Amino acid sequence: LQSLGLDLKQFNPSAISKLELTSSSGRALRLPLQMGGFGLSRYVLDNYLYEQAKAIGIEFIFCKANNITYANEEFSIDLSTGDTFTCQLAISAYGKRSNLDQKLNRRFFYQRSPFLGVKYHIKTDLPADLIRLDNFEGGYCGTCKIEDDLYNLCYLSETKNLKNSGTIADMEQKVLFKNPHIKKIFENSEFLSRKPEVINEISFREKSLVEDHILFCGDAAGMITPLCGNGMAMAIHSGKILAESIMEIGSIANSAQRNLLERKYQNKWESQFASRIKTGRLIQNLFLNLNLSNLAVGLLQNSQFLSQRLIRRTHGKPF
């Protein structure tokens with residue numbers, strides 16, 4: 001971000017250097033995060049990036065893309081405004097899930113996902129340099145400071161927890177609060193909105209990087225499990241890899257150059273992320289099981305080497 005001349009310090013982001021991991025029984029493990037990180041809300045970050053892009057002449061159209069087709073070395077994009085745009089390159093960076101995934105018959109879209117995500121913004125009393133990960137049956141909750149005096153609290157849960165409880169509030173009382181650390185945060189924090197943001201059908205399955213010559217990046221290309229705390233960095237990095245691949249090719253004048261770009265991007269993406277995403281899935285499966293999560297926290301408490309190795313396996317290197 002700094003290499004692009006972006007100044008995020010003006011927004012007073014938190015500087016994160018520690019991780020605390022708790023099991024549902026209340027057992028806690030605290031670790032240093034050698035690479036560290038920063039906390040900033042998506043609202044602030046996205047609006048800042050939008051203003052910077054607009055200032056250098058990028059045109060934005062706020063509407064829904066209803067369909068995209070490829071023919072004769074060209075894409076046609078049908079918009080909800082009734083307009084149709086044509087272009088040489090089409091990049092889909094629309095996040096976890098979109099109506100276009102269905103239109104493009106992407107395989108993961110038709111495989112039901114057992115997860116939902118819930119997010120709040122709160123004011124609470126936690127260290128500003130800490131990210132908390134609290135385990136509960138069928139899920140885990142993450143809390144960290146963002147800008148100013150705000151904190152982000154979000155959790156991933158198996159959908160069956162909600163079905164068995166009836167409402168989000170009941171699920172939190174019956175399932176999440178069995179972890180005393182989660183209960184304490186909920187009971188000693190100011191929630192800035194009555195209702196949380198809820199996202200259904202969060203899929204961590206393998207996704208294609210190219211469909212009918214459309215290039216995917218960010219969460220649209222693949223997601224690491226939230227437990228690893230590295231999704232935003234991966235999304236930004238995939239955008240950087242794609243941009244560099246496009247610049248290396250220079251122009252897309254024929255199908256040979258297009259195929260070369262697609263291979264180059266896929267190779268670079270898989271080299272950077274494929275192993276980390278697989279490791280993230282394994283770690284998440286471990287922490288979704290109550291008995292195994294309690295055992296894992298105990299094991300990591302006694303092995304600084306193992307805990308740091310797991311973090312390195314999912315976080316990659318600075319870029």
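Modeller: A residue counts as buried under 20% relative accessible area, as exposed over 50%, and as partly exposed in between. The structure here is a predicted model.

Colleague: Why is Asn12 called partly exposed?

Modeller: Asn12 has 43% relative accessibility. Asn12 sits in the segment before strand 1 (14-22). Its phi is near 55°, a positive value in a residue other than glycine.

Colleague: What makes Asn72 exposed?

Modeller: The cut-off for exposed is over 50%, and Asn72 has 76% relative accessibility, so Asn72 counts as exposed. Asn72 belongs to the loop between strand 3 and strand 4. Its phi is near 55°, again a positive value in a residue other than glycine.

Colleague: How do you know that strand 3 and strand 4 pair?

Modeller: Pairing requires at least two bridges found by DSSP. Strand 3 and strand 4 (residues 74-79) have 6 bridges, in the antiparallel sense, so by that definition they pair. Among the bridge partners are Tyr70 and, in strand 4, Phe75. In general, the strands of a sheet pair through backbone hydrogen bonds, either parallel or antiparallel.

Colleague: What makes strand 3 and strand 5 edge strands?

Modeller: The open sheet has 3 strands in the order 3-4-5, with antiparallel pairing. Strand 3 (65-71) and strand 5 (84-87) each pair on one side only, and they are the edge strands. On average, neighbouring strands of this sheet are turned by 20° against each other, direction ignored.

Colleague: Why does Ile277 count as buried?

Modeller: Buried means under 20% relative accessible area. Ile277 is at 5%, so Ile277 is buried. Ile277 is part of helix 7 (residues 255-287).

Colleague: Which residues does Ile277 contact, leaving aside its neighbours within four places in sequence?

Modeller: Ile277 is in contact with Gly222, Met223, Ile224, Met234 and Trp269. A separate value concerns Thr314, 37 residues from Ile277 along the chain: the C-alpha atoms of the two are separated by 7.3 Å.

Colleague: Why is Phe319 called partly exposed?

Modeller: Phe319 has 47% relative accessibility, so Phe319 counts as partly exposed. Phe319 is placed in the segment after helix 9 (304-315).

Conventions. Residues are numbered from 1 along each chain as its sequence is written. This is a predicted model: local features need pLDDT of at least 70, side-chain atom pairs count only at pLDDT 80 or more; totals for chains, interfaces and linings use all residues. Side-chain values use heavy atoms; hydrogens and water are left out. Helices (H or I, at least four residues) and strands (E, at least two) are DSSP runs, numbered from the N terminus. Buried means under 20% relative accessible area, exposed over 50%, partly exposed in between (1.4 Å probe, protein chains only). Contact means heavy atoms within 4.5 Å. Axes are lines fitted to C-alpha atoms, for helices over the stretch in contact, and angles run from 0 to 180 degrees between N-to-C directions.
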